[in-house]
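Welcome! Here is a short briefing to read with the structure open beside you.

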Amino acid sequence: MLLMQDVASLFPTGDPQGPLADGPFVVAAIIKILVFFVAYLVTVALMTLAERKISAWIQDRRGPNRTGPFGLLQPVADGIKNFIKESTKPGEAEGLLFRIAPALAFMPAMVTWAVIPFAAPLPTPWGLVDMSIANLPVGFLFMLAISSIGVYGLVLAGWASNNKYALLGGLRSSAQMVSYEIAMGMSTIPVLLLAGNVSLSAIIQQQQAQGWNVLLLTISWILFVIAGFAETNRLPFDLPEAESELVAGYHTEYSGMAYAMFPLAEYANMITVSALATTLFLGGWDVPFTSWDNTGPWTVLKTLVTFAAFAAKLGVALFSFVWIRWTLPRFRYDQLMALGWKVMLPLALAYIVIIAAFTLALEAAGLRNSIAFSAALFALNVVLLFICSRVLDRGRLISPASPRARLAEVERLRERSAVARRYGGNPSRQREVDTTPAGVA
Amino acid sequence: MNAPNVSGMLMLILPEVVLSVGAMITLLLGVSGADAGRSHRAAMAALATAVVGVVLAIGMLTGAPLAPGTTFIANDGFRWTLTALLCAGTGAAVVLTEAYDRRAGVARAETPALLLLAATGMTLLTAARDLMVVFLGIELMSLATYVLVAMHRTSARAAEAAVKYFLLGAFSTAFLLYGIALVYGATGSMQLEGIGSAVASGAKLPGLLMAGVALMLVGLAFKVAAAPFHLWTPDVYDGAPTAVTGFMAASVKAAAFAIFLRITAEAFAPLLADWHPVLWVLAAATMVIGNVLALGQQQIKRVLAYSSIAHAGYLLVAVVSFSAEGATALVFYLVAYTLATMGAFAVLVALSDGTDRPLVRQDLAGLRERHPWLALAFAVCVLSMLGFPLAGGVGFFAKWQVLQAALQASVPQQTLAIVLVLSSVVSGGYYLGLIAPAFMQSPVPAARPIPAPPTGVRAIAIACAVVVLVLGVLPSSLTRLAQRSAPSAFAGGPTVATTIQP
Amino acid sequence: MSDLSRYFFYLFSLLTIGSALAFVTRKGPVPAALWLVNTMFALSGLYVLLDAPFVGAVQVLVYAGAIMVVFVFVVMLLNLGRAGDRPDLRGIGGQLTAGVVGAALLALLLAARRGDAVLPALVPSSTSTSNVVEPVAQLLFTDYLLAFELTSIVLLTALVGAVVLAKRRTAA
């Protein structure tokens, strides 16, 4: 009985809108970690399926559809396959590092999630539970710090394999990540300038008050997204594993589940970067066009709705990741470096100066925290975007959507696809019927 | 946390602002305009910057009475006199490096820019009163100098020297930094003033403080090349481009001594009894080792390297004296030493053939017939380093001042004075060995014809010699300047020196 | 210091010391570098315990995330990483010297503590605040403005030096 009382005294019920006592805080943290862990792994698994489905859709295929309804069990089948395969290790590889490298690739992505707020606080009988695993006062820096060590997994995998392709892949990944990390960090400085704080919840509050940063700091957002792609080693930045040049890059020597950890880490990173983009630029869990969700008293409904908003934004970001992968070709190595150092970094630095000066001017004009402040920033971004794309760039980096081929060539291609469509899109039947020899036009 | 007094601060660090802005302009000149003459234009800009620095410092010195500085930056005669001296040394180094690099075919705009950046750090060291600023100044000076040593990239000897200098320099910086950390831990202050008062009021952690002071002294001794921390000096001075060696021997050493004196005077004065014996031994060892080892050297730059170690010993005697007279002697000696060193190295630059072949004594043979004025200038500068009366000009009075300071210190340092005199006598052996071939031997035909020395180099050599001679006739003007230039800590007359155990 | 912080302090201290020992005793540069990364992590844990989360985060960001990555990159680029390739430069004499110096420093720190039952509170007790960057920024841009600007010049010098020494030689 005494024990029961002791335990109960550790969990005092209190004001649902007030802070938690120590006991409920620890328990809530453990529950959040467990739930997050399961949800994250499931999401990563589903992400592999989503990628294959979306790529199939983009390429006019069907994608996996045999295992389970709509192929939903495909990740499970993949997992079983990977687990029962032998995990080989080259004789000359560095044993321990070779083994822990896949884990090192996966972990930072997961750890970053510890600080991301994914919903409005949840009221419980014991007090208000923060809907982030750890609401750190230095959340933003924590995220930068952890993402900066994500490179070790790839580098060590490449080095420990004792294989020239793997080593080259590792070298490329470290050069690429170091270069784009700087651009990434610099692109987020304007966000901090507006928020005046480095805690992610403060950044979300700022966006609730002033509007989403994607509108206020558009160029930052663009830079962040590009750097995010580079940090996750996704196409068009997948040079570390460029299969046409390096066999499979840093994971050439891996097999079985150890190999599977690398693609999984890539998806985990995608989810994390998407969550960061959501938090920093898309308002986090803020529901747009209403201030109902911005302030207390907090209710369970608010938590659910804001979580849905967060998940929706995350989904859009993830979809763009896949979309871009199946749209753009890979950069050449020198192009990659030139883009990072000669375009993105100077642009980010210039943008910091411009935003700082502009905010200072607006504050001097007494416009802080008003609609006019947001409107002025938005207008500034429109002007800057125009300058960047039309005056500075002139079609060198941002290519126009109009075709580059000669018009006659385009016409010929259109005709061919029209013919193909007439015969139900089956290329083999088309080949039987289409008697026009290729290249006559 | 009040808003900083920016304009007041800017006045205090005006030389640093001028020098660093000049460095950036120099860098920009190095990448703009026609390819031909880029490095020359950059060097001219750097020279102009250094001249502005000299004028500025002299203006501050002769202008209105100096306002008290801040806890970060001092504003006293010591700062401005040495700033003028360092800027002048930098200007001379700019001319010398340009001539030397041009002859070697590797002239580039970064060299003068790095000289100016090093000068920024050095002038800062004359004024720094906060250990953070001290550290940044030392790093700025050292980083730029490491690169300057390595500037001739095709020379294997320069590369070796640069690596040695960099590694040992980084090592000594680590000592210094660890010492700073411990001193901060013991006193709770980074400011020399705050450390001084914390120490005077009885340190809470005497062991920690002692360890910190010891490590800081080791770091500083590395920088001034005091024995037994001098081992890097001969190799680095020998391998570095001759003009850069001159810069290191004259200006870098002067800056290191400036901060050495200020730290001991302002922060560690109450601990005099503790560090005094250590520095005493260092000074004696440095004088003896430098002078004795110089005797056996054949290469001129190595001789001058050991000579510079010996001079570090003489300067340490001035620091050990720890009085206003000692500080005066230090400033006086630094002026004389800078003039003599720059003059001697200007002659060496004039004699170099553009390869990195080490200069030996034979290269001086018959200098009197080839370049009589240069030969005379060389003789005057070397005799000045020796401290020869009359012909050595101001060098004699510099040594005289140090001896006076040592003997008149509150606890007279007779032993050190005797060591100083005896080792100076020894130094005559190698200094005269440098002059003798220039005047006594007939020229040997050079393997590679040496082009006529550029006007700038000749002008510096002769100007240094002339100033050495003129100040040798009128030493009192320099004495008056040096007396105005003791750090403000000594302004209150003889300090706590009474605590020394004789 | 609450009990929990005390346990964490010992945990992170042991991690720091253990990793640092492993760092100096490993033969291969890459494992040694990784142990150093581990040391940096554990150190940042100690900073957080000292109520300095900003310093902790920056410690990881700068040392583990930037400097050590570049270090590993260079080791890999020069392909120096394998321990077996070359004999250990640190002979028995070097190891002994290092051990003696380390022991001397340890003795020194212990001696420094001698006679002081309680360390004086030199660290100002911090007030907990929701904005951990602002106090740092305040100091940095007022009292330490000079040091801050100087650092930028030091970095400029390092940058110029690195470029000058590493740049591919072109026609002068």
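**Where to read with care**

In this predicted model, residues 429-441 of chain A keep a pLDDT under 50, and the model has seven contacts for them beyond four places in sequence. Where pLDDT is low, the predicted coordinates should not be read in detail.

**Confidence**

- Chain A has a mean pLDDT of 80, with 90% of its residues at 70 or more.
- Within chain A, helix α17 (residues 427-433) has the lowest confidence, at a mean of 49, while helix α10 (residues 218-231) has the highest, at 87.
- For chain B the mean pLDDT is 85, and 95% of the residues reach 70 or more.

**How the chains meet**

- Two pairs of chains are in contact, and chains B and C share the most contacts.
- Chain A and chain B do not touch, and their nearest C-alpha atoms are 17 Å apart.
- Between chains A and C, 21 residues of chain A are in contact with 21 residues of chain C.
- On the side of chain A that touches chain C, the elements giving two or more residues are α5 (139-148), α6 (151-160) and α7 (164-195) of chain A.
- Of these, α7(A) gives the most, with six residues.
- That side of chain A is made up of 16 nonpolar residues, five polar ones and no charged ones.
- Between chains B and C, 32 residues of chain B are in contact with 23 residues of chain C.
- Helices α2 (14-29), α5 (110-127), α6 (131-149) and α9 (206-224) of chain B each supply at least two residues to the side that touches chain C.
- Here α6(B) gives the most, with nine residues.
- By class, this side of chain B has 23 nonpolar, four polar and five charged residues.

**Overall form of chain B**

- Chain B has 20 helices and zero strands.
- Its radius of gyration is 21 Å, close to the 23 Å that the globule rule gives for 502 residues, so chain B is as compact as a globular protein of that length.
- The C-alpha trace of chain B spans about 70 × 55 × 40 Å along its principal axes.
- Of the 502 residues in chain B, 62% are buried.
- Looking at contacts in chain B between residues at least 6 apart in sequence, 80% join residues at least 24 apart.

**Nonpolar cores**

- The largest nonpolar core has 216 residues, and Leu96(B) and Tyr333(B) touch the most other members.
- Helix α14 (residues 324-351) of chain B provides the largest share of this core, 22 residues.
- Setting aside neighbours within four places in sequence, the contacts of Leu96(B) include Ala243(B), Gly246(B), Phe345(B), Ala346(B) and Val349(B).
- Another core lies apart from it, with 131 residues, among them Ile133(A), Val198(A), Ile203(A) and Phe321(A).

- Which residues of helix α20 (residues 475-484) of chain B are buried? They are Pro475(B), Leu478(B) and Ala482(B).
- Seen down the axis of α20(B), the buried residues fall within an arc of 65 degrees, so they line one face of the helix.
- An α-helix has 3.6 residues a turn, so residues three or four places apart point the same way.
- Ser476(B), Ser477(B) and Arg480(B) are exposed on the other side of α20(B).
- The buried residues of α20(B) pack against α14, α17 (394-408) and α19 (455-473) of chain B.

**Two residues to look up**

- Tyr430(B) sits in helix α18 (residues 414-440) of chain B.
- Tyr430(B) has 23 other C-beta atoms within 10 Å, so it is buried.
- Not counting residues up to four places away in sequence, Tyr430(B) touches Ala294(B), Leu295(B) and Val303(B).
- Tyr430(B) and Leu330(B) are 100 residues apart in sequence and, C-alpha to C-alpha, 24 Å apart in space.
- Ala45(A) belongs to helix α2 (residues 22-58) of chain A.
- Ala45(A) counts as partly exposed because it has 17 C-beta neighbours inside 10 Å.
- Ala45(A) and Ala268(A) are 223 residues apart in sequence, and their C-alpha atoms are 9.3 Å apart in space.

Key. Residues numbered from 1 in each chain as written. Chains lettered and ligands numbered in written order. Predicted model: local features only at pLDDT ≥ 70, side-chain atom pairs only at ≥ 80, totals over all residues. pLDDT = per-residue confidence, 0-100. Helix = DSSP H or I, 4+ residues; strand = E, 2+ residues; numbered from the N terminus. Nonpolar A, V, L, I, M, F, W, Y, C, P; charged D, E, K, R; others polar. Core = buried A, V, L, I, M, F, W, Y, C linked by C-beta atoms within 7 Å. Buried ≥ 20, exposed ≤ 12 C-beta atoms within 10 Å, placed from the backbone. Rg over C-alpha atoms; globule rule 2.2 N^0.38 Å. Arc of directions from axis to C-beta.
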